[in-house]
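Here's a quick briefing to read alongside the model. Have the viewer open and follow along.

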Amino acid sequence: FKVLYFASAKDASKTDGDKFEWSDNINAEALTKLLLERHPDLAPILKVSMFAVNMEYMDQDLSWTVQPGDEVAIIPPVSGG
């Protein structure tokens, strides 16, 4: 599956995307651990970010799982100006 980083998540990870090997039961918690292993500087950003899977925002309860071929976007809070 693929992970895309936007705004401050892109800055912290120093990339706009990563590919991960899929395995069973990658839920939001497991995904967060994978992301932090690869990019520890994402820690404060992930606490306030939204996840979108295949361009659909995921529930805040984090009960969803990643499926093979999914595209997960990390979307930090945005401010207008």
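Predicted model: local features only at pLDDT ≥ 70, side-chain atom pairs only at ≥ 80, totals over all residues.

Residues are numbered from 1 along each chain as its sequence is written, and side-chain values use heavy atoms, with hydrogens and water left out. The protein has three helices and five strands; both are DSSP runs numbered from the N terminus, with helices being H or I of at least four residues and strands E of at least two.

**Overall fold**

- With 81 residues, a compact globule would have a radius of gyration near 12 Å, and the protein agrees with its own 12 Å. That radius is taken over C-alpha atoms, and the globule rule is 2.2 Å times the number of residues to the power 0.38.
- Along the principal axes, the C-alpha atoms fill a box of roughly 40 × 25 × 20 Å.
- Of the 81 residues, 36% count as buried. Buried means under 20% relative accessible area, exposed means over 50%, and partly exposed is in between (1.4 Å probe, protein chains only).
- Take the contacts (heavy atoms within 4.5 Å) between residues at least 6 apart in sequence: 50% of them join residues at least 24 apart.

**The sheet**

- The five strands make an open sheet in the order β2-β1-β5-β3-β4, with mixed pairing. Two strands pair if DSSP finds at least two bridges between them.
- The edges belong to β2 and β4, each with a single partner strand, so one side of each has no neighbour in the sheet.
- β3 and β5 run antiparallel and are joined by four bridges. Phe-51 has Ile-74 in β5 as its bridge partner.
- β3 also runs antiparallel to β4 (residues 56-57), with two bridges joining them. Ala-52 stands opposite Tyr-57 in β4.
- β3 and β4 form a hairpin with two residues between them, and Asn-54 in the turn has a positive phi of about 50 degrees.

**Helix α2**

- α2 covers residues 28-38, and its buried residues are Ala-28, Leu-31 and Leu-35. Seen down the helix axis, these buried residues fall within an arc of 60 degrees, so they line one face of α2. The arc is that of the directions from the helix axis to the C-beta atoms.
- What covers that buried set? The cover includes β1 (2-5), α3 (43-46), β3 (50-53) and β5 (71-75).
- Over on the other side of α2, Glu-29, Lys-33 and Glu-37 are exposed.
- At the start of α2, a side-chain oxygen of Asn-27 reaches to within 3.1 Å of the backbone nitrogen of Glu-29.

**Salt bridges**

- How many salt bridges does the structure hold? There are three, where a salt bridge is a side-chain nitrogen of Lys or Arg within 4 Å of a carboxyl oxygen of Asp or Glu.
- Glu-71 pairs with Lys-2 in a salt bridge, with the closest N and O atoms 3.7 Å apart. Glu-71 lies in β5 and Lys-2 in β1, so this pair ties together parts that are 69 residues apart in sequence. Glu-71 is partly exposed at 26% relative accessible area, and Lys-2 is also partly exposed, at 35%.
- Arg-38 and Asp-18 meet through their side chains in a salt bridge at 3.6 Å, N to O. Arg-38 lies in α2 and Asp-18 in β2 (residues 17-19), so the pair ties together parts that are 20 residues apart in sequence. Arg-38 counts as partly exposed at 39% relative accessibility, whereas Asp-18 counts as buried at 12%.
- Glu-29 and Lys-33 form a salt bridge too, at 3.8 Å from N to O. Both lie in α2, four residues apart, which is about one turn of the helix. Are these two buried or exposed? Glu-29 is exposed, and so is Lys-33.

How values were computed: Polar contact = N/O pair within 3.5 Å; in protein donor to acceptor, adjacent residues only side chain to side chain.
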